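Let's take a walk through this structure together.

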Amino acid sequence: MKSSVSRLSLWLLLTPFLLWIVLLVLLPHLQMLRVSFQVRESWDTIAWGIEQYQNFFTESYYWRTFVRTGVMSLFTTFLTLIIAFPIAWYIARLARGRSKGILFLACLIPFWASELVRTYGWMILLRESGLFSSWLQALGWVDGPVEMLYNDVAVIIGLVYNGLLFMVVPLVTTLDGMDENLVEAGYDLGGGHGTVLREIVVPWAMPGIVSGCIVVFMLTLGSYLTPVLMGGKDSAWFTEQIFTQFITRFNWEQGAALGVLLLVLSSLIVWLGLKISGQSLRKVMG
Amino acid sequence: MGMDSDLFCEKLVRRFGSNAAVDHVSLDVPAGTFFSILGPSGCGKTTLLRLLAGFDKPDEGDIHIRGQRMNDVPPNRRPVNMVFQHLALFPTMTVGDNIGYGLKRRKMPLAERRKRIARVLEQVGLPDLEYRDPQELSGGQRQRVALARCLVLEPTLLLLDEPLGALDLKLREQMKVELKHLQKQFGTTFVYITHDQSEAMVMSDQVAVMRDGRFDQVAPPEELYREPVTPFVAGFVGDNNRLSGELVSVRDNLAEIRLDDGVLVQGRVASDNLRAGHRAELYIRPESLVLSGDALSSGFSSMQAKVRTTLFDGANSRVEAENCGQPVYARLPQDGSAPRLSADSSIRLAWNPALARVFGADSP
């Protein structure tokens with residue numbers, strides 16, 4: 001009797017999780033996969049085929065945007081790592097007591113506002129009539145207003161900013177657990193700064209680096225607001241095309257195919273990243 | 001400075017705020033010796049070791065290693081390596097890579113590196129463990145890897161920061177002897193810090209007893225044990241009994257003091273602040289106390305004490321007694337010569353005054 005009770009409670013505990021996974025993740029994706037292979041022949045007849053996928057490869061605008069999104073996401077992830085590492089190092093190793101908590105909070109505070117508000121914040125700073133532009137003019141460094149928005153740099157700034165916290169947190173966690181003596185031993189046995197970083201700190205922080213990179217990469221690849229708002233009409237982000245297919249063109253079949261491709265791309269790159277860094281998903285996320 | 005001294009420090013000072021953790025420490029360690037710094041926790045020994053390793057800089061004073069001034073040399077350029085308290089083996093590397101790390105920094109070719117790694121592993125008694133992860137090894141094995149990682153670099157000086165602390169008692173006893181052998185085998189100068197006087201005594205050629213940032217005494221273990229120069233050393237190194245009383249007279253290097261129960265006893269003069277009529281303290285080791293019946297050698301001092309309890313511990317068995325409220329321990333020989341003692345019975349404890357040391361009560 002006892003085991004059936006505990007089994008029941010296990011199922012009850014699992015129910016919300018299973019509902020979440022099945023209803024919100026599994027079913028929509030399966031449905032999308034199905035739709036992506038449907039070919040609309042006329043308004044009421046549907047056939048099966050791979051026409052949408054063919055479209056993707058024949059229409060250069062699609063796959064160029066696809067590659068561009070992938071490459072820019074990778075670059076953003078890398079940049080986020082480079083910026084987050086010193087921050088995480090400072091928080092985890094150098095800051096003590098109160099200042100540690102305050103610094104951590106400072107990283108967190110921007111996330112109390114929504115992505116939309118944060119993005120508009122950047123737009124206020126970067127636009128032609130924005131803060132930076134007027135400062136530059138006031139200092140006399142430029143003659144007229146400068147437009148810093150609506151280019152790739154602006155998009156990357158916004159994306160890095162959005163990803164920073166998700167990189168800092170896992171890095172701080174892993175670096176926090178590192179024995180100070182390991183670094184000292186690294187120097188003591190003849191290593192310089194570069195060697196200690198490369199041979200001791202980075203290998204130790206690898207699980208944190210990889211988990212941060214995965215999260216930031218996924219967030220970046222799937223982000224929509226930042227590239228659209230900060231990149232303007234030329235931003236050409238892949239999620240934007242999916243949006244266009246679903247909403248503007250009302251071409252759900254094409255949109256679904258693009259969505260599936262994006263999922264495949266992100267899974268592939270994450271898998272590759274894990275392989276190259278020699279980490280396992282369990283180690284990184286555990 | 002001796003010509004063959006590996007480490008020579010002069011008036012080293014390191015302050016944290018107004019507190020001097022290392023306070024004008026000078027030391028001279030001849031090449032090839034096992035030098036221990038012994039002191040209670042918080043005495044500044046770890047700070048001193050970090051100054052030697054280069055992780056910290058002295059506020060005053062100079063550090064010379066083989067005649068070279070080291071004050072401004074960063075840790076990775078010093079001919080000094082350190083075995084950390086918790087060993088700090090690199091967990092992301094195999095045993096071989098841990099040992100090869102330092103060699104690689106010296107740009108040694110791979111083949112030569114392999115050879116050296118295999119040889120040093122052989123020397124520390126861990127052959128064929130090169131490809132294992134440090135986490136897979138036992139405590140004693142990890143200890144040896146940490147040693148090998150340093151010794152393979154043939155440093156002038158090897159610093160050891162209480163590396164035996166994490167081991168269990170049996171292994172610790174074994175490693176003590178082994179460390180001593182390894183030091184002789186490699187001929188490297190060891191500077192070992194510990195709060196465990198037995199570790200320092202067993203392994204060292206010279207021991208410095210440190211207290212509040214200063215050295216109380218630097219001497220070979222036996223001298224430290226037999227002729228402590230301060231009451232602190234007398235009490236810290238080995239077990240000791242302290243009997244306090246009033247100084248009566250000093251004659252022929254023998255001090256006579258009157259214990260609080262009026263008995264006159266004698267011991268050797270150990271400090272120069274003994275004045276008649278002032279308080280003084282006599283230190284006598286438990287094994288120097290004789291449980292006497294009637295037959296007393298002439299010249300022995302003796303006193304009455306009341307038995308509190310006996311503590312059986314094999315060869316270290318002791319009787320705990322009391323004289324004027326002060327506890328007194330005496331060794332109970334386990335060769336059948338010791339009488340059976342019952343609590344509250346009265347015993348007579350005697351000693352050869354040459355084995356007792358008398359300090360003025362206001363000694364440093």
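Helices here are DSSP runs of H or I with at least four residues, and strands are runs of E with at least two. Keep in mind that what you're looking at is a predicted model.

Residues 153-172 of chain A are 100% helix and 0% strand, with 27 Å between the end C-alpha atoms.

Now for a helix pair. Two packed helices are described by the angle between their axes and the distance between the axes. In chain A, helix α8 (residues 180-188) packs with helix α9 (residues 193-221) at about 155 degrees, the axes being 9 Å apart. Angles over 145 degrees count as roughly antiparallel, so that's what α8(A) and α9(A) are to each other. Their crossing is right-handed. So which residues meet? From α8(A) come L182(A), V183(A), G186(A) and Y187(A); from α9(A) come T195(A), V196(A), E199(A), I200(A), V201(A) and W204(A). Sort the residues of this α8(A)–α9(A) contact by type and you get seven nonpolar, two polar and one charged.

Finally, look at where the chains touch: 17 residues of chain B are in contact with 16 residues of chain A. On chain B's side, the elements giving two or more residues are β6 (80-83) and α2 (95-105). α2(B) gives the most, with three residues. By type, the side of chain B that touches chain A has nine nonpolar, five polar and three charged residues.

Notes
Residues numbered from 1 in each chain as written. Chains lettered and ligands numbered in written order. Predicted model: local features only at pLDDT ≥ 70, side-chain atom pairs only at ≥ 80, totals over all residues. Axes fitted to C-alpha atoms, helices over the stretch in contact; angles between N-to-C directions. Parallel < 35°, antiparallel > 145°, perpendicular 65-115°, else oblique. Left-handed = near helix turned anticlockwise from the far one by under 90°. Contact = placed C-beta atoms within 7 Å. Nonpolar A, V, L, I, M, F, W, Y, C, P; charged D, E, K, R; others polar.
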